[in-house]
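Me: I would like to go through this structure with you, starting with its sheets. Could you take me through it step by step?

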Amino acid sequence: MPLLVMKFGGTSVANLDRIRRAAKRVGVEVAKGYDVIVIVSAMSGKTNELVGWVGETSPLYDAREYDAVVSSGENVTAGLMALTLQEMDVPARSWQGWQVPLKTNSAHSQARIEDIGTDNVNAKFGEGMKVAVVAGFQGISPEGRITTLGRGGSDTTAVAFAAAFGAERCDIYTDVDGVYTTDPRICEKARKLDKIAFEEMLELASLGAKVLQTRSVELAMRYKVKLRVLSSFEEQSDEAGTLVCDEEEIMESNVVNGVAYSRDEAKLTCLSVADRPGIAATIFGCLSDAGVNVDMIVQNISEDGRTDMTFSCPTDQVQRAEVALSAYKDKGELNYGELVADTGVAKISVVGIGMRSQSGVAAKMFKVLSDEGINIKVITTSEIKISVLVDRKYMELAVQALHDAFELDKAS
């Protein structure tokens, strides 16, 4: 039988009525002749509740027990979904990660998938099971302990299952009806994309678009898994949602396909750093050890043996960065004058595979921002992305102006 993977996020299974609605969608695919693997998240809000309970019980918790607790939300949803399907006379069975088994490394709360066994599930399909309802977000370590894949890990679970089982497609059901050219809450002209290339989706996901988890897009791109993002609250057609696919499957694309933003960014500058070989390795090695997620990096021209090093990171990691760099300075491992933090910035990015073959995108972007009186603080580029840091108060204006300038409300 052809196989389909369907993933339902927390809002799609938030209560029994929504679980029944999701089960009906699964039943439609079974009636079409598919065997279906359903990946479920915990009910909306349940994981946060479980995480809170762990924190109240043990502020310095054992990560192994943290995973045992927070993974239980998905187990409840999987069992309820299987029961609902059985009530619809659809042969279904729930599966926890260890029963599949989905094998991971031992990095509790941030585990990486190492292997997915297919024999157990395929044997049950052979015995007449039509739907395997798998608890997302979880696996089993080499030591036999439950692990979790990090927040949003059910997306990664779904794509990994689609790759392991050779699924025809992986449908991600969520509370939005697809991938948009930008956030519709900021720009009313935002348009839903029918198709988007893996690379574009990966950039948008990494830049803060919360439609898909970054790791899930990376997996889909590596294993050529067709992804479709759909709303679980709207009537569906075969063309519904947004298909995330290979660039070759998109006949013609806009030069820019999306404008992304990240509100909670900070810009830090190490002033008057001793300019010598290895200084960048020292600074960013220090930040890495402290768990600071550095994004944009700019180094000024050296003068009199000193230079300035600027980088961006999430605002909630500024204090961690300040403490780490100060400690290195106090130990004499790093020589700089002052660390200046600007926590009032936002990152704006334009993304599009068409940039590879057409010049002038950067010039147009900078001209648009200039015309709106928006000063650019930092610039970084890649093959299909240009990102800038601007004052946060101009974030929405910048997004709207760029969306208009690149005519993203118009289909290619």
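**Sheets, a helix and salt bridges**

Reply: Eight strands make up an open sheet of mixed pairing, in the order E3-E6-E2-E1-E9-E11-E12-E10. Strands (E, at least two residues) and helices (H or I, at least four) are DSSP runs numbered from the N terminus, and two strands pair if DSSP finds at least two bridges between them. The model is predicted: local features need pLDDT of at least 70 and side-chain atom pairs count only at pLDDT 80 or more, while totals for chains, interfaces and linings use all residues. Residues are numbered from 1 along each chain as its sequence is written, and side-chain values use heavy atoms, with hydrogens and water left out.

Me: In which sense do E2 and E6 pair?
Reply: Strand E2 (residues 35-40) and strand E6 (residues 131-135) are parallel, with five bridges between them. Val36 has Val131 of E6 as its bridge partner.

Me: And the other sheet, in what order do its six strands run?
Reply: The order is E14-E15-E13-E16-E18-E17, in an open sheet with antiparallel pairing. E14 (297-299) and E17 are at the edges with a single partner strand each, so one side of each has no neighbour in the sheet.

Me: How many bridges join E13 to E16?
Reply: Eleven bridges join strand E13 (residues 258-274) to E16, and the two run antiparallel.

Me: Switching to helix H3, which of its residues are buried?
Reply: In H3 (residues 63-70), they are Tyr66, Asp67 and Val70. Buried means under 20% relative accessible area, exposed over 50%, and partly exposed in between, with a 1.4 Å probe and protein chains only.

Me: What do those buried residues pack against?
Reply: They pack against helix H2 (46-57), helix H4 (72-87) and strand E8 (146-148). At the start of H3, a side-chain oxygen of Asp62 comes to within 2.8 Å of the backbone nitrogen of Arg64.

Me: Now the charges: how many salt bridges does the structure hold?
Reply: There are 25 salt bridges, each being a side-chain nitrogen of Lys or Arg within 4 Å of a carboxyl oxygen of Asp or Glu. One of them joins Glu29 and Lys32, at 3.6 Å from N to O.

Me: Is Glu29 buried or exposed?
Reply: Glu29 is buried, at a relative accessible area of 6%.

Me: What about Lys192, which residue is its partner?
Reply: Lys192 forms a salt bridge with Asp194, and their closest N and O atoms are 3.9 Å apart. Lys192 is partly exposed at 23% relative accessibility, whereas Asp194 is exposed at 56%.

Me: And what does the pair Lys377 and Asp342 tie together?
Reply: Their side chains meet in a salt bridge of 3.6 Å, N to O. Lys377 lies in the loop between helix H11 (361-371) and strand E17 (378-382), and Asp342 is in strand E16 (residues 338-351), so the pair ties together parts that are 35 residues apart in sequence. Lys377 is partly exposed, at 33% relative accessibility, and Asp342 is partly exposed at 23%.

Technical notes
Contact = heavy atoms within 4.5 Å. Polar contact = N/O pair within 3.5 Å; in protein donor to acceptor, adjacent residues only side chain to side chain.
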